[in-house]
Amino acid sequence: MPGTRTKLVMDNRPIGRVLMACMILGFASLVATGVAAAWLTGRNQEHTRWVNHTYEVELAIANASIAIEQGETPRRGYLITRAPAYLETYRANRARQPEILAKVSRLTADNPRQRANYAMLVALVGNLQRQRDLTIGLVQQGRGREAIARFFTETAAQRMMKIRAVATRMADEERRLLKIRDAEQTRSVRAFYLVLALAGLILLVVAILSLTTVMRYTRDLTRSRDSLNTLNETLEAQVVERTADLSLANDEIQRFAYIVSHDLRSPLVNVMGFTAELAATIAPLEDLLERAEATAPEIVSEDARLAVREDLPEAVSFIRTSTQKMDRLINAILKLSREGRRVITPERLDIAELVGTIRASMQHIIDDRGATVSVEGSIPGIVSDRVAIEQILSNLIENATKYLQPGRSGVITVSGHEARGRVHLAVADNGRGIDPRDHSRVFDLFRRSGAQDQPGEGIGLAHVRALAYRLGGTIDLASELGKGATFRLNLPKILNTQDPKA
Amino acid sequence: MTEHQTVGIVMIEDDEGHARLIEKNIRRAGISNGIRHFTDGTTALDFLFNAPEGPALNGPALILLDLNLPDMSGTDILVRIKAEGSPLKRTPVVVLTTTDDKVEIQRCYDLGCNVYITKPVNYESFATAIRQLGLFLSVIQVPEIEG
């Protein structure tokens, strides 16, 4: 038998697991990137804040320096001109100074070094201020000369220089801090880019991995689909091939059954024929015996009398009943084989109607045996051979009425349903049931089950099964002793007419 | 009936028992024509066509033919007898066999068999059938053989 069996190789590699791992890794790197970006943004803000702070401090220091420097100009103007306008400017400037210095103090509160610087600055400014106030006071008291003399001797210029140096130191300190912060910022950015590059790399790897996995999977799928297609395409041919093989085998069996039964018949004709001839000789012998008994009883032996009157008729009778039985059996085989050769003509059938016809045709038997036959529910339509279905159902129904449980009136129901292109018919009874051991045996030719109290040769169910097979169906049986039996027939909804014999 | 006395019956039947039963019952029907019995196809064909006293060379005949023969099928013999140009093509052939297969019956009639009879297994029926065949044989007209 040709027809290579194409095997579908399903790839069992854990493709799902690989993809899942890839996805998790991908998402993890994305999350890491996001976290890094958020962190960097935070760092950036922090840095910006510090940069601003630095500039603020610088500005505050510069302001302070300027204010201090500016304090000198109205003082000198006042010392020289004693114009009250200068005094006023001076006072205004002086009034502003604590506030400006306080700002520097506030801004540099966190830095001990700046604190020290600031303390120095405050001390210097305080000294300066005292000297300035002193000179201004002298001028106000009208001691102008003394004030100017004082101005010459005082160390204001040096103090100013010192103040400038301190201010520059403070600004430098802030710049130093800014530089450190800049370096930190650069490091952060570098770290961020590192994280970004790493995540990008991971994503790339994950993408390549996922892509190859998916592609491999797709390729496998395509291959499977292709082989499936090929299988599908060749399936029909294979089915046709197998069907041809099967029907060939079936034909062979049919022919065998036919030849055997036929050739068995031939000698049987002789046996029966000559038995009849033999039986025909009994009459003249009997005649002769009677005449001998009447005319010369002494020549009639007891043996001769027994032979003619008992042995001969008995032998003939046994031969006859045996040959008749053999004839029936051979005829059964012939009938089966002929049934197998009968042309099947599928047509649309209404099973319920068919059951009705069968019931009507065997109504007297059904009534005699005290049974009822009914159709339960609706039975789906079927396209099959009318004669075969009729024979199957009538055999099953006849059997059901035949093997009733004593003392229980027979209730026989025929039901059916459809499933996946097949029609399942069931003939159920409440009869005496069949021993589960005999369930397959009862379908064999000449085999029967249970008490042999009913006439029959064990042909009916064999015939039913042969017919069911012929219609592309199967038959089986569910039963328990004493609890009735259900014969289940499984037939194609539409009988395939491409059957080579049909 | 005198006219039919000359018609010889050729029985080709491999089963001695069947042959005997057939002969007995034909005789019981009152047929007294000569019956030549052959158990195989080869000798039967030889007699039919070549024997000096055979029907091809010597007078009309009626053939009783069984289909199941040991050396050839009865239909082969039928083909030979009914073949175009055969001297015996008008000779009546009664196929008397156990086969009751429809196809086989059709085939035999297609090949030119004149009567097809299935041997009943039941002897009563068998005997009756043969006796009726005997009656039938006693009334049918058999054509002369044409050289």
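**Helix pairs, a lined face and a chain contact**

The axes of helix α3 (residues 112-140) of chain A and helix α4 (residues 144-153) of chain A come within 7 Å and cross at roughly 160°. That angle makes α3(A) roughly antiparallel to α4(A). This is a predicted model, in which local features need pLDDT of at least 70, side-chain atom pairs count only at pLDDT 80 or more, and totals for chains, interfaces and linings use all residues. Residues are numbered from 1 along each chain as its sequence is written, while chains are lettered from A and ligands numbered from 1 in the order in which they are written.

**Helix pairs in chain A**

- Helices (H or I, at least four residues) and strands (E, at least two) are DSSP runs, numbered from the N terminus.
- Axes are lines fitted to C-alpha atoms, for helices over the stretch in contact, and angles run from 0 to 180 degrees between N-to-C directions.
- Angles under 35 degrees count as roughly parallel, over 145 as roughly antiparallel, 65 to 115 as roughly perpendicular and the rest as oblique.
- α3(A) passes α4(A) in a left-handed crossing. A crossing has this hand if the near helix is turned anticlockwise from the far one by less than a right angle, and is right-handed if clockwise.
- From α3(A), the contact takes A:L134, A:T135, A:L138 and A:V139; from α4(A), it takes A:G144, A:E146, A:A147, A:R150 and A:F151. Two residues are in contact if their C-beta atoms, placed from the backbone, lie within 7 Å.
- By class, the contact of α3(A) with α4(A) has 5 nonpolar, 2 polar and 2 charged residues. Ala, Val, Leu, Ile, Met, Phe, Trp, Tyr, Cys and Pro count as nonpolar, Asp, Glu, Lys and Arg as charged, and the others, Gly among them, as polar.
- Helix α1 (residues 15-81) of chain A packs with helix α2 (residues 84-107) of chain A at about 160°, their axes 9 Å apart. α1(A) and α2(A) are therefore roughly antiparallel to each other.
- The crossing of α1(A) and α2(A) is left-handed. Their contact has 14 nonpolar, 9 polar and 5 charged residues.

**Positive phi in chain A**

- Most residues other than glycine have a negative phi.
- A:R82 is not a glycine, yet has a positive phi of about 55°. A:R82 sits in the loop between α1 and α2 of chain A.
- A:R82 is partly exposed, with 14 other C-beta atoms within 10 Å. A residue is buried if 20 or more other C-beta atoms, placed from the backbone, lie within 10 Å of its own, exposed if 12 or fewer, and partly exposed in between.
- A:F446 has a positive phi near 70°. A:F446 lies in the loop between β5 (422-428) and α10 (460-470) of chain A.
- A:F446 counts as exposed, with 11 C-beta neighbours inside 10 Å.

**Chain B**

- Chain B has 5 helices and 5 strands. Their pattern along the sequence is β-α-β-α-β-α-β-α-β-α.
- Of the 147 residues in chain B, 35% are buried.
- Helix α3 (residues 74-82) of chain B has B:G74, B:I77, B:L78 and B:I81 buried. Seen down the axis of α3(B), these residues fall within an arc of 105°, so they line one face of the helix. The arc is that of the directions from the helix axis to the C-beta atoms.
- Among the elements covering them are β1 (8-12), β3 (61-65) and α4 (102-110) of chain B.

**Where the chains meet**

- 11 residues of chain B are in contact with 11 residues of chain A.
- α1(B) gives the most to chain B's side, with 3 residues.
- That side divides into 4 nonpolar, 5 polar and 2 charged residues.
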